[in-house]
Amino acid sequence: MADFFQKMNEKYVQKHFPTGSVFEATSKTLKRRGYVGVFFSGLFLAGCLFGLVSSIKSTIEVVVEGKKDMLGVALGVCGFLAVITLLFGIAFYFSVKHTRRKREDYIKLAAKASKLQESEIESFEQQAVASDTYILKLTAGLDRALSNATNKDGLLTRDYIYLASPAQIVMRVEDLKACCFNDYTYYLNTGNRSKKIHCLAITLIASNGVTDTSDTTMEAGRALMVLLKQRNAAIDVNGGNVLSEGSLDAYKKKILEG
């Protein structure tokens, strides 16, 4: 178990949570991603604006020259470019807004996604940097490098578990109904062929219906199941078996109705 889970230490805190806040560190990670969105949406917006202005000029020329047969086409192009420009303008606005979020905003978002009170998210943060917190290293190698998690490691505190998914979900361990393996796939284009890739994930299901998922190795996932059942013996682990793709929803329904 020590290979996958380490106890929190001062060195780790200083590197990953220098201000003592998980969500302040999260905000920096998500802002960096947000700047990429601002750049690309701004680039497309600029291109659309240029096209729209050019189209308007062309339409005015058509009107001045009296080319009535071309007017409908010109107006259609203007309308199309106006809609596209509006859409990219909205995307640009929300991208900029995203980069301006603060720690408090992420706590509110985490509370909403977790269906918990903001005070509990604050409590999780206080516990996260304590010496009895486990650092959860569920992925390794390429899976770890390609993970979209806001922090490469999850956290298991005295009362909460956090897998660092983009949704920033925090769960009370006492509320967990299940911790199970599940399979999911995606397609990788290799030349003229598409290759189906199978991935292993571990999913947590809470009594309030909230779920959270992380990529995992089989060994790390089993170690997490053992650790969680030591704290909450009622957690269902599906016998350690892997749910096939598409069967997670039915399993979740069974667990929550049971």
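A residue counts as buried when its relative accessible area is under 20%, as exposed when it is over 50%, and as partly exposed in between. The exercises below use these terms for a predicted model.

**Exercise 1. The chain as a whole**

Task: State how many helices and strands the protein chain has, and what share of its residues is buried.

Solution. 
Step 1. The protein chain contains eight helices and nine strands.
Step 2. With the cut-off above, 40% of the 258 residues count as buried.
Step 3. Take the contacts between residues at least 6 apart in sequence: 64% of them join residues at least 24 apart.

**Exercise 2. How H4 and H5 cross**

Task: Describe the crossing of H4 and H5 by the angle and the distance of their axes, then list the residues that meet.

Solution. 
Step 1. Two packed helices are described by the angle between their axes and the distance between the axes.
Step 2. Helix H4 covers residues 103-114; its axis and that of H5 come within 8 Å and cross at roughly 110 degrees.
Step 3. Angles of 65 to 115 degrees count as roughly perpendicular, and H4 and H5 are therefore roughly perpendicular to each other.
Step 4. The handedness of the crossing is right-handed.
Step 5. From H4, the residues in the contact are Arg103, Ile107, Lys108, Ala110, Ala111 and Ser114; from H5, they are Glu118, Ile121, Glu122 and Glu125.
Step 6. Sorted by class, this contact has four nonpolar, one polar and five charged residues.
Step 7. Lysine 115 is in the loop between H4 and H5. With a relative accessible area of 54%, lysine 115 is exposed. Its phi is near 60 degrees, a positive value in a residue other than glycine.

**Exercise 3. Phenylalanine 23 and glutamine 168**

Task: Is phenylalanine 23 buried or exposed, and which residues does it touch?

Solution. 
Step 1. Phenylalanine 23 is in helix H2, which covers residues 22-65.
Step 2. Its relative accessible area is 0%, so phenylalanine 23 is buried.
Step 3. Not counting residues up to four places away in sequence, phenylalanine 23 touches Arg103, Tyr106, Ile107, Ala110, Ile121, Phe124, Glu125, Gln168 and Val170.
Step 4. Among these is glutamine 168.
Step 5. Glutamine 168 is in the loop between strand E4 (160-162) and strand E5 (170-172). At 3% relative accessibility, glutamine 168 is buried.
Step 6. Phi of glutamine 168 is positive, about 60 degrees, although the residue is not a glycine.

**Exercise 4. Two loop residues in contact**

Task: Where are aspartate 132 and arginine 158, and what does each one touch?

Solution. 
Step 1. Aspartate 132 is in the loop between H5 and strand E2 (134-136). Arginine 158 is in the loop between strand E3 (154-156) and E4.
Step 2. Aspartate 132 has 26% relative accessibility and counts as partly exposed. Arginine 158, at 45%, is also partly exposed.
Step 3. Neighbours within four places in sequence aside, aspartate 132 is in contact with Lys7, Leu156 and Arg158.
Step 4. On the same terms, arginine 158 touches Gln127, Ala130, Asp132 and Arg231.
Step 5. For arginine 158 and glutamine 127, 31 residues apart along the chain, the separation is 6.9 Å.

Conventions:
Residues numbered from 1 in each chain as written. Predicted model: local features only at pLDDT ≥ 70, side-chain atom pairs only at ≥ 80, totals over all residues. Heavy atoms only, no water. Axes fitted to C-alpha atoms, helices over the stretch in contact; angles between N-to-C directions. Helix = DSSP H or I, 4+ residues; strand = E, 2+ residues; numbered from the N terminus. Parallel < 35°, antiparallel > 145°, perpendicular 65-115°, else oblique. Left-handed = near helix turned anticlockwise from the far one by under 90°. Contact = heavy atoms within 4.5 Å. Nonpolar A, V, L, I, M, F, W, Y, C, P; charged D, E, K, R; others polar. Buried < 20%, exposed > 50% of the residue type's maximum accessible area, 1.4 Å probe, protein only.
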